[in-house]
Amino acid sequence: MSPLPKHILVIRLSAMGDVAMTIPVLRALTQQYPEVKLTVLTRAHFAPFFGDLTNVSVFEAEVKGKHKGIIGLWKLSRAIKKLNIDAVADLHNVLRSNVLKTFLSKPCIQIDKGRAEKKALTSGQQFKQLKTTHQRYADVFAKLGFKLDLSQPSFRNKLPIPERMEYIIEATERKTKKWVGVAPFAAHESKMYPLDKMKEVIKNLSKNHKVFLFGGGEKEVSILDTIAENNKNVVNLAGKLSLDNELRVISNLDLMLSMDSGNGHLAAMFGVKVVTIWGVTHPYAGFAPFNQPTDYALTANREEFPLIPTSIYGNKYPEDYKDCAGSIPVEHIIDKVQSVL
């Protein structure tokens with residue numbers, strides 16, 4: 001039997017939520033196998049995710065710069081070879097990572113994305129819970145010789161919020177109010193709760209709690225600014241903080257309300273309670289935030305929209321399904337948040 005690798009290159013380049021989902025698995029690995037060294041190949045933007053993990057370093061992949069294309073990947077492989085890795089855990093399994101692995105010529109295990117069963121799920125051939133993405137990540141390390149137990153996780157501690165951020169987050173009421181994060185946007189409109197209804201949710205929650213809004217992009221920032229201006233106890237953080245500082249606020253939340261999107265996974269990294277809203281996608285595909293009870297996922301009415309999930313990523317759906325998340329009553333969302341809090 002060949003010896004277990006002592007230094008593993010972990011590849012997961014994007015997207016934000018997928019990278020965030022590696023954190024509980026890597027934490028379990030570093031705690032259960034403290035002798036193993038990990039180098040995570042990802043984008044520099046995501047480096048703050050890995051800040052407190054022991055024996056874990058981040059190697060920046062500039063996939064739109066010097067590491068672009070075949071020649072760029074060859075240069076990247078030359079740099080990685082200097083790290084003296086023993087094996088590769090490919091948690092991405094795309095063309096770019098496959099080319100890179102060929103150049104590295106090291107033992108490699110790549111993620112099984114379960115494409116056949118996911119196709120069966122979205123085509124209506126079956127409707128059942130599939131293996132979670134977290135477990136698929138863990139299976140990669142098991143094949144490298146490191147079986148992981150994800151059943152009793154620990155989480156990163158709350159991060160301190162610098163005094164210079166106080167004026168942005170208006171945190172003086174921390175002692176008297178619960179902090180609720182709301183991330184109303186997603187990559188596809190079909191994964192979002194209708195904005196008019198979300199405004200009702202935010203207005204109601206802000207009566208008793210401090211609400212922080214998260215998002216990105218100029219249009220989203222503008223919309224969230226308007227919501228914050230029209231509601232007391234609501235602060236829009238979109239476009240105002242770096243990712244590192246957003247994580248500081250997220251780590252101190254009492255609850256995050258998000259779509260099937262990255263912010264839910266960021267909160268789950270810290271063990272924050274996460275209530276998710278699902279449109280044309282469904283948690284059965286395995287992308288629910290880590291370690292959250294199944295009833296924290298609020299799904300669209302499948303009696304009214306029987307084709308759900310219409311796709312894994314929310315990019316394919318019948319036109320009349322675009323607002324299907326709106327079949328979840330506003331009161332139901334508010335009641336769930338209140339009961340979880």
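A cavity here is a set of grid points where a 1.4 Å probe fits but cannot get out. Keep in mind that the model is predicted.

**Exercise 1.** Work out how many cavities of 30 Å³ or more there are, and which residues line the largest cavity.

*Solution.* 
- Start with the count: it comes to one cavity of 30 Å³ or more.
- Next, its volume: the largest cavity holds about 40 Å³ of space.
- Sort them by class and you get eight nonpolar, one polar and one charged.
- Finally, look at the helices: α3 (69-81) and α4 (95-104) each give at least two lining residues, with α4 supplying the largest share, three residues.

**Exercise 2.** Decide whether strand β6 (residues 179-183) is enclosed or open, and explain why.

*Solution.* 
- Use the cut-off for buried, under 20% relative accessible area.
- Five of the five β6 residues are buried, so the strand is largely enclosed by the rest of the structure.
- Check each face: Trp 179, Gly 181 and Ala 183 are buried on one side, Val 180 and Val 182 on the other.

**Exercise 3.** Find which strands pair with β6, and pick out the bridge partners of Gly 181.

*Solution.* 
- Take β7 (residues 210-213): it runs parallel to β6, joined by four bridges. Here Gly 181 partners Phe 212.
- Then β9 (residues 255-259): again parallel to β6, over four bridges. In β9, Gly 181 partners Met 256.

How values were computed: Residues are numbered from 1 along each chain as its sequence is written. This is a predicted model: local features need pLDDT of at least 70, side-chain atom pairs count only at pLDDT 80 or more; totals for chains, interfaces and linings use all residues. Side-chain values use heavy atoms; hydrogens and water are left out. On a 1 Å grid over the protein atoms alone, a cavity is a set of points where a 1.4 Å probe fits but cannot get out, and a pocket is an open set with protein on both sides within 12 Å along at least five of seven lines; lining residues have an atom within 4 Å of a point. Grid points are joined across faces, edges and corners, and a volume is the space filled by probe spheres set on the points. Ala, Val, Leu, Ile, Met, Phe, Trp, Tyr, Cys and Pro count as nonpolar, Asp, Glu, Lys and Arg as charged, and the others, Gly among them, as polar. Buried means under 20% relative accessible area, exposed over 50%, partly exposed in between (1.4 Å probe, protein chains only). Two strands pair if DSSP finds at least two bridges between them.
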